[in-house]
Amino acid sequence: MRKNNIILITISFLGLFTSTWVKAQEGVIEAGIKDIMNQTHAVGVSVAVVKNNEIIYSQSFGLKNIETNTPLNNECIFRIASISKSFSATSIMQLIEAKKLSLDDDASDLIGFPLRNPNFPDKVITLKMLLSHQSSINDSRGYFSLDSINPATNPRYALCYNNYEPGKGYMYCNLNFNMIGAIIEKYSGERFDQYVKHHILDPLGIYGGYAVDSLDKNRFATIYDFNKQTSKFIESPDAYAPRSEEIKHYVMGKTTPIFSATGGMKISATDLAKYMMMHMNLGKANGKKIISKKSAKMMQTPLSLNENYGLALLKTDKLILGKTLTGHTGSAYGLYSIMFFEPKEKFGIVVISNGCDPTYDNGYNAFMKKDRKSTRLNSSHITISYAVFCLKK
């Protein structure tokens, strides 16, 4: 989970209740959502709540575009940032099941150039280490090009490595996953964005993707960054940069970061919830098996215990009191996204905001707190069913 100053707006309790209860409380719920949107000055928010393999609630609030005063709706798609990593990891698990890869493979052999921490030159950096952010690699030289870590193209490549042994430490690293995207291309024979479309999105009946020019641009929710000095929102045009000219000169297994395997998925909250149900059901959804139960469990099992991070999925007990959820967060260009689920109780939440004031106050908002006089959650917290989750540095 990225530990910078982020606000993640999340539906906190709806998944614990039946669709009938949610329907009956809809007015109160939505009033609570709008109240906290006002507190955080959110431009727009799309939410989807899953219970027992059914989307029991989905709604959008606020604006798709400030300049045109266009309202946000459930058909709007967003660049969801780091939740995208789970799509890349799911693709890797498919290739492992096809016996084209192994988690213990030397990443140097897979990527096509030496991938060795110069401080620990004899220690193999494995595919598993890339997927779990235990590779000892960092983003200090950038992650939009694989040249940053290739000794043949960057004489200062050593700066990409931390001073701890691969497999013995954790640092969240986007470069890990842009290399994962290149590996998917090398071992599938398909361009990264096409592989995800053909093997994950299409089987699940989901609309979305990594290539901007392949999507309906009229559905893009404009993403805004909040300027603290002026207290105004500024459009972030790079969020949907098509990279058309670069794609014309695309080199498989090399220029993969153009699509940002680490954060470039564009999808609606509702369709992201459908994808989430696949992981919640350990690899199956919509009558389709995307990955095996074994692979799904591996993705959800923490390898870095301090961070509770597995293979592009993490666990947290800090969203809903008394519950441990599995999923991922995302933040980029002013967008904030969250996808978390409980596989045993079969509920999950997706929330995406295209811009808000990222100021936080002491971590958890009051809505998350337990009634001090009772072992039960305060009823007002449940009926509002909405919370702001803040991560501190």
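Strands β3 and β4 (residues 70–71) pair in the antiparallel sense in this predicted model. Two bridges hold the pairing. Four residues lie between the two strands, and together β3 and β4 form a hairpin. In that turn, Asn 69 has a positive phi of about 55°.

Now follow β3 to its other partner. Strand β2 (residues 44–51) runs antiparallel to β3 (residues 54–65), and eight bridges join them. Lys 51 finds its bridge partner in Glu 54 of β3. These strands form a hairpin too, with two residues between β2 and β3. Asn 52 sits in the turn and has a positive phi of about 50°.

Helix α7 covers residues 192–204, which makes 13 residues.

Which residues of α7 are buried? They are Phe 192, Asp 193, Tyr 195, Val 196, Ile 200, Leu 201 and Leu 204. An α-helix has 3.6 residues a turn, so residues three or four places apart point the same way.

The buried residues of α7 have several neighbours. They pack against the helices α3 (84–97), α6 (174–188) and α9 (269–280). They also pack against the strands β6 (208–209) and β10 (284–285). Just after α7 comes Gly 205, with a positive phi of about 70°.

Note on methods: Residues are numbered from 1 along each chain as its sequence is written. This is a predicted model: local features need pLDDT of at least 70, side-chain atom pairs count only at pLDDT 80 or more; totals for chains, interfaces and linings use all residues. Side-chain values use heavy atoms; hydrogens and water are left out. The expected span of a helix is 1.5 Å times one less than its number of residues. Buried means under 20% relative accessible area, exposed over 50%, partly exposed in between (1.4 Å probe, protein chains only). Contact means heavy atoms within 4.5 Å. Two strands pair if DSSP finds at least two bridges between them.
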